[in-house]
Amino acid sequence: MPDPVLRTERLVLRPVTATSAPELLSPRSNGFPRADDASLLAGVVASGADARGVYVVELEGEPVGTVGCAGGLSPEGDQEISYGLVAGARGRGVATEAVGALCAQLERAPDVLRLTAEALPGNSASMRVLHRLGFVPVAGGSQGHQLLARAAPGRPAVRPHLTGRHVC
């Protein structure tokens, strides 16, 4: 079953598909796609397969970044997420709104027990986004990065030994 289009008050989150990826690779005046976005989109084009759990974030009809799953669900029920926006979309609550919509969607899956994300400790904006959405610091993470996690509603609390892979 394909990923659904997610809608918030201001945003549309469209699944990144093999059909949409080539067009999304075309540079726009707002700086989209960022290098991370272009790498992701090029991978989708090369594979010819949809990027499961990954969305392009649209604000006022224009793509401004991506948000989505970073890898598959762990055997313990942990799903790592990642996100990034063009500079012009930052500082306006767009990341909080987009990541919040993604989290709500992922937490509907019965196998997802916790969501995780990594951020550079000096990236105060990304840390604020995650804190606003209920993520708390936990032990682990890639060298030099802070791992944060949040338990899905009604699921066990976060564990202190999680490890992450992707940086927001």
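Helices here are DSSP runs of H or I with at least four residues, strands are DSSP runs of E with at least two, and both are numbered from the N terminus. By that count, the protein chain has four helices and eight strands. Along the sequence they come in the pattern β-β-α-α-β-β-β-α-β-α-β-β. The radius of gyration is 15 Å, close to the 15 Å that the globule rule gives for 168 residues, so the protein chain is as compact as a globular protein of that length. That radius is taken over C-alpha atoms, and the globule rule is 2.2 Å times the number of residues to the power 0.38.

A note on the source. This is a predicted model, in which local features need pLDDT of at least 70 and side-chain atom pairs count only at pLDDT 80 or more, while totals for chains, interfaces and linings use all residues. Residues are numbered from 1 along each chain as its sequence is written, and side-chain values use heavy atoms, with hydrogens and water left out.

Now the chain as a whole. Its C-alpha atoms fill a box of roughly 40 × 35 × 30 Å along the principal axes. Of the 168 residues, 46% are buried, meaning under 20% relative accessible area, with exposed over 50% and partly exposed in between (1.4 Å probe, protein chains only). Taking contacts (heavy atoms within 4.5 Å) between residues at least 6 apart in sequence, 59% join residues at least 24 apart.

Next, strand β3, residues 54–59.

Which strands pair with β3? Two strands pair if DSSP finds at least two bridges between them. Strand β2, residues 11–15, is antiparallel to β3 over five bridges. Val-12 has Glu-58 as its bridge partner, and Pro-15 has Tyr-55. Tyr-55 also stands opposite Val-67 in β4. Strand β4, residues 62–69, runs antiparallel to β3, joined by six bridges. The β3 and β4 hairpin has two residues between the strands, and Glu-60 takes a positive phi near 55° there.

Back to β2. Four of its five residues are buried, so β2 is largely enclosed by the rest of the structure. Strand β1, residues 6–7, pairs with β2 in the antiparallel sense over two bridges. Leu-6 stands opposite Leu-13 in β2, and three residues lie between β1 and β2 in their hairpin.
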